[in-house]
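My notes follow the order in which I looked things up.

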Amino acid sequence: MTGDTAPPLRQRPLRHVSGLVKEATGALFDVRDLDSPEGGRRSGPAGDGQATFELHWTDAFDWLESAPARSVEAVVTDPPYGLVEYTAHQLEKRANGTGGVWRIPPSFDGCRRSPLPRFTVLTGPEQEQLASFFTRLAERLLPVLVPGAHVFIATNPLVSHLVYGPFLAAGFEKRGEIIRLVQTLRGGDRPKNAESEFDQVTVMPRSGWEPWGLFRKPCEGRVQDNLRRWRTGGLRRISAAEPFRDVIDAPPARGRERTIAPHPSLKPQRLMRQLVHAALPLGEGTILDPFMGSGSTIAAAAACGLSSIGLEANEEYFELALNAVPLLAELPTNGGTGGSR
Ligand SMILES: C[S@@+](CC[C@H](N)C(=O)[O-])C[C@H]1O[C@@H](n2cnc3c(N)ncnc32)[C@H](O)[C@@H]1O
């Protein structure tokens, strides 16, 4: 997806909202409209070190272009991948159950499942478009991040190279990958329309994991120097005895989480709270999610007492996030470890 294919923004002022996070409980309060006369614009954490959050209904690329240099300490994001899956046309097809890039997974256990984006339909030019989307993203993120800032970016095994290459080319360092163990419905099918002829064949492996690329803007000097100056450069440990690990078992969001935030790509709090906790090594600074959808990253940051900024171009999802963030933030985690306060 390029910025041009982002859902069109309506011709009325975009909305910008901010609030404070009550420490210890993660509850949100004092939510204000930044566009109102008394709203005011926040930059950096509130005076007493209290965590804050901002939600912006805006195009991520526009926002990044005008964001101050070296003002963000980490990025945790789940970007749009299908180039076109969030365009109005494709969202309508999804709503009508009439295909497009949204595939209705087989109902093998009697449960109705949500449509999934179909990445194997990407043509060569679409793949080039995807790579240029991530080139643009990486190039615009780099100046906005402080040295040593980490980027956690969700991807999938079919297109991850189209993300990783552009991030490396833009000047980020690859620091590994986080493997989220999750039973997906991708792959595992027999050849289409020849299922009985080739009943011993599967076209692609049934996928049981989701990769998250882990990148870092180069540090200034040693990690310890960067930590002192910028508060970034490393990852926060789960505890004094336990480092952050690169395998996280996190099944899809279900039940209450999904009812609160019915976004087609909702990420579970159990995963997001572990990622945001790791993203700020000293628990200081601001986490940006340029593609927040229903705000699961922002809710996770609030639950962990961390400051964050979420951007969303689609008005419907932005409104969804406004409601969902406080509710998701107050949910207990269902077994997540690091970061689940
Ligand atoms: C994969 S979804 C993220 C869902 C999120 N992980 C959640 O848990 O709700 C990507 C989101 O990016 C939004 N988006 C697409 N292009 C955008 C752009 N240029 N700027 C901001 N948001 C954009 C889409 O509307 C979509 O909601």
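Predicted model: local features only at pLDDT ≥ 70, side-chain atom pairs only at ≥ 80, totals over all residues.

**Entry 1: Phe152.** I looked up phenylalanine 152 and left aside its neighbours within four places in sequence. Its remaining contacts are Val75, Val76, Ile178, Trp212, Leu214, Leu275 and Ala279. I then turned to the largest nonpolar core, which has 74 residues. Phe152 and Val276 touch the most other members of that core. Helix α9, residues 315-330, gives the core its largest share, eight residues.

**Entry 2: the whole chain.** I stepped back for an overview. The chain has nine helices and 12 strands. Of its 341 residues, 43% count as buried. I also checked contacts between residues at least 6 apart in sequence, and 72% of them join residues at least 24 apart.

**Entry 3: strand β9.** Which strands are joined to β9 by bridges? I found strand β7, residues 145-154, joined to β9 by five bridges, and the two run antiparallel. Within this pairing I picked out isoleucine 153, whose bridge partner in β9 is glycine 213. Strand β8, residues 173-181, is also antiparallel to β9, and eight bridges join them. Here I noted glutamate 173, which stands opposite arginine 216 in β9. β9 itself spans residues 209-216 and is mostly covered, with six of its eight residues buried.

**Entry 4: the loop between β8 and β9.** I stopped at leucine 185, which is found in this loop. Is leucine 185 buried or partly exposed? A residue needs 20 or more C-beta neighbours within 10 Å to be buried. Leucine 185 has 17 inside 10 Å, so I put it down as partly exposed.

**Entry 5: helices α3 and α4.** Two packed helices are described by the angle between their axes and the distance between the axes. I looked up both values for helix α3, residues 124-144, and helix α4, residues 161-170. The angle is about 40°, and the axes are 8 Å apart. The crossing is right-handed. From α3, the residues that meet α4 include Leu130, Phe134, Ala138 and Leu142. On the α4 side I listed Leu162, Val163, Gly165, Pro166, Phe167, Ala169 and Ala170. By class, this contact has 11 nonpolar residues, three polar and one charged.

**Entry 6: helices α7 and α8.** I repeated the check for helix α7, residues 269-279, and helix α8, residues 296-303. Their axes come within 8 Å and cross at roughly 65°. α7 passes α8 in a right-handed crossing. Gln269, Met272, Arg273 and Val276 are the α7 residues in this contact. They meet Ser296, Thr297, Ala299, Ala300, Ala301 and Ala303 of α8. I sorted the contact into six nonpolar residues, three polar and one charged. Val276 had already come up in my core entry, where it touches the most other members together with Phe152.

**Entry 7: α8 itself.** Why is α8 largely enclosed by the rest of the structure? Eight of its eight residues are buried, so I record it as enclosed. Ile298 and Ala302 are among these buried residues. Last, I looked past the end of α8. Glycine 305 follows, with a positive phi near 70°.

How values were computed:
Residues numbered from 1 in each chain as written. Core = buried A, V, L, I, M, F, W, Y, C linked by C-beta atoms within 7 Å. Buried ≥ 20, exposed ≤ 12 C-beta atoms within 10 Å, placed from the backbone. Helix = DSSP H or I, 4+ residues; strand = E, 2+ residues; numbered from the N terminus. Contact = placed C-beta atoms within 7 Å. Axes fitted to C-alpha atoms, helices over the stretch in contact; angles between N-to-C directions. Left-handed = near helix turned anticlockwise from the far one by under 90°. Nonpolar A, V, L, I, M, F, W, Y, C, P; charged D, E, K, R; others polar. Pairing = 2+ DSSP bridges.
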